[in-house]
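Please have the viewer ready.

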Amino acid sequence: MSEKEIDDISGVETTGHEWDGIKELNNPLPRWWINTFYITILWAIGYMILYPAWPLVSDYTRGYLGYSSRAELSQSMSEAQVGQAVYLDQIRDASLDEILASNELRQFAMAGGRSAFLVNCSTCHGSGAQGAPGYPNLNDDDWIWGGTLDDIYLTIRHGVRFTDDWDTRDSAMPAFGRDGILGRGEIVEIAAFVRSMAGLDIDPALAARGAEGFADNCAACHGESGEGLRDLGAPALADAIWFYSSDADAIAAQISNPKHGVMPAWGARLDDGIIKQLTVYIHSLGGGE
Ligand code: HEC
Ligand code: HEC
C-alpha cells in the first residue's frame, strides 16, 4: 500500500482501500456529528451518576437521585386511592337514589361498577353482561327477580339459592316428573302449551291439551298467561327470552326434573360501596326500572 495518495478529482486523501478500481476517500466526520457523539457520552456518564445503572452481585448502583420506578408507582397508586376513598365514602353513605341523582357519584359508580363486574361477575354473566344459557342476560328488561335498584342490590348482596346466606333469594320448582306428579304424556302436552304461549311453532292440538295442566300446575308460579312471578323468581314463559332453552325437550326436562340456578351472595365478599356501584352499573345497562 502506498503512503499518501491524493484523489485527483476531489483532491482528498484516500484511505488506501480499493475495490475493483474504486478507492475510498478519507473524508473526516462532520464536526456536528462528532460533537453530538461527545454529548451522548457525557449524558451517559451523568445518567450513571444520577440514576440506577449498574447491576451488582446482589444489588445495583442506586444513583445520586435515589429514583425507583416502583416507588413512583406506589406513590401514584396511593394518591389514586386517596382520591377514590373520598368518593367511596360518599357512596357508602348515600342511598342508591342519591347516587343516581348526583352526576359525580353516578359517574364514579358506573366506572367502579364496570371494573368490579369484569373482575367478579363476567365469568358467569359474560363480559358484556349478555349472559349464557343458565346465566341471565343483565342488559334486557326481562328480570327473574326484579330490575329496580333495590331488587338488583338485594340479588347481588344475598345471591340466589346461596345456602350460606340467610337472606338469599330462594324458591324451587317442583320436579313434576321425577316425583310422579305428572305423567310423561302430560308433560309433553304442557311443554307444547308453554311453547305456544311464547308464539313458537308447535302442534296446536297437542298444545291445547296442555292448557289445563298448565293452569292447574304451573300458573301459580309462572302466571295465568306465563307472565312470570318475581317474588318466586319464576321466569316469564310467554316471552321470547329463555333462561335455559325454548327447545321442547328442554322444557319437558325442566318440568320433569328442574334445574335451579345458583348465584353467589356478594355481601360477605365485597365492600358495600362496591355492591352499590355494581347495582348502579347493572341498573344502567338497559333494563333498569
Ligand atoms: C313453585 C313455583 C313453580 C311452579 C309450580 C312451576 N315452576 Fe317452572 N320455574 C320456577 C322457578 C323458580 C324457575 C327458575 C329456575 C331457576 O331459576 O333456575 C322455573 C323455571 C321454569 C322454566 C325455565 C324457563 C326458561 O326461561 O328457561 C320452565 C320452562 C318452567 N319453569 C316451566 C314450568 C311448567 C310448565 C310448570 C308446570 C308444570 C312449572 N314451571 C311450575 C318455579 C315454578
Ligand atoms: C357463579 C356464577 C355467577 C357469578 C359469579 C355471578 N352470578 Fe349473577 N347470577 C347467576 C345465576 C345462575 C343467576 C340466576 C339465578 C336464578 O336462577 O334465578 C344470576 C342472577 C343474577 C341477577 C338477577 C337477574 C334477574 O333477572 O333477576 C343479577 C342482578 C346478578 N346475577 C348480578 C350479578 C353480579 C353483579 C355479579 C358479580 C358481583 C354476579 N351476578 C356474579 C350466576 C352468577
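Which residue in β2 does Thr-14 stand opposite? Thr-14 faces Leu-25. This is a predicted model, where local features need pLDDT of at least 70 and side-chain atom pairs count only at pLDDT 80 or more, while totals for chains, interfaces and linings use all residues. Residues are numbered from 1 along each chain as written, chains are lettered from A and ligands numbered from 1 in written order, and side-chain values use heavy atoms, without hydrogens and water.

Strands β1 (residues 14–19) and β2 (residues 22–25) run antiparallel, joined by three bridges (pairing takes at least two DSSP bridges; strands are DSSP E runs of at least two residues, helices H or I runs of at least four, numbered from the N terminus). Two residues separate β1 and β2 in this hairpin, and Asp-20 in the turn has a positive phi of about 45°.

Now to the ligands. Around ligand 2 there are 24 residues (a heavy atom within 4 Å), and Cys-121, Cys-124, His-125, Trp-145 and Met-263 come nearest. Its polar contacts (N or O pairs within 3.5 Å) include these:

| Side chain | Ligand 2 atom | Distance |
|---|---|---|
| His-125 | nitrogen | 2.8 Å |
| Trp-145 | oxygen | 2.7 Å |
| Arg-161 | oxygen | 3.2 Å |

Helices α5 (122–125), α6 (149–158) and α11 (272–283) each give two or more residues to this shell.

In ligand 1, Met-173 (SD) and His-222 (NE2) coordinate the iron atom at 2.0 to 2.2 Å (donors are N, O and S atoms within 2.8 Å of the metal, or 3.2 Å for Na, K and Ca). Met-173 sits in the loop between α6 and α7 (184–197), and His-222 in helix α9 (residues 219–222), 49 residues apart.

Technical notes
A polar contact is a pair of N or O atoms within 3.5 Å; within protein, one must be able to donate a hydrogen and the other to accept it, and residues adjacent in sequence count only if both atoms are side-chain atoms.
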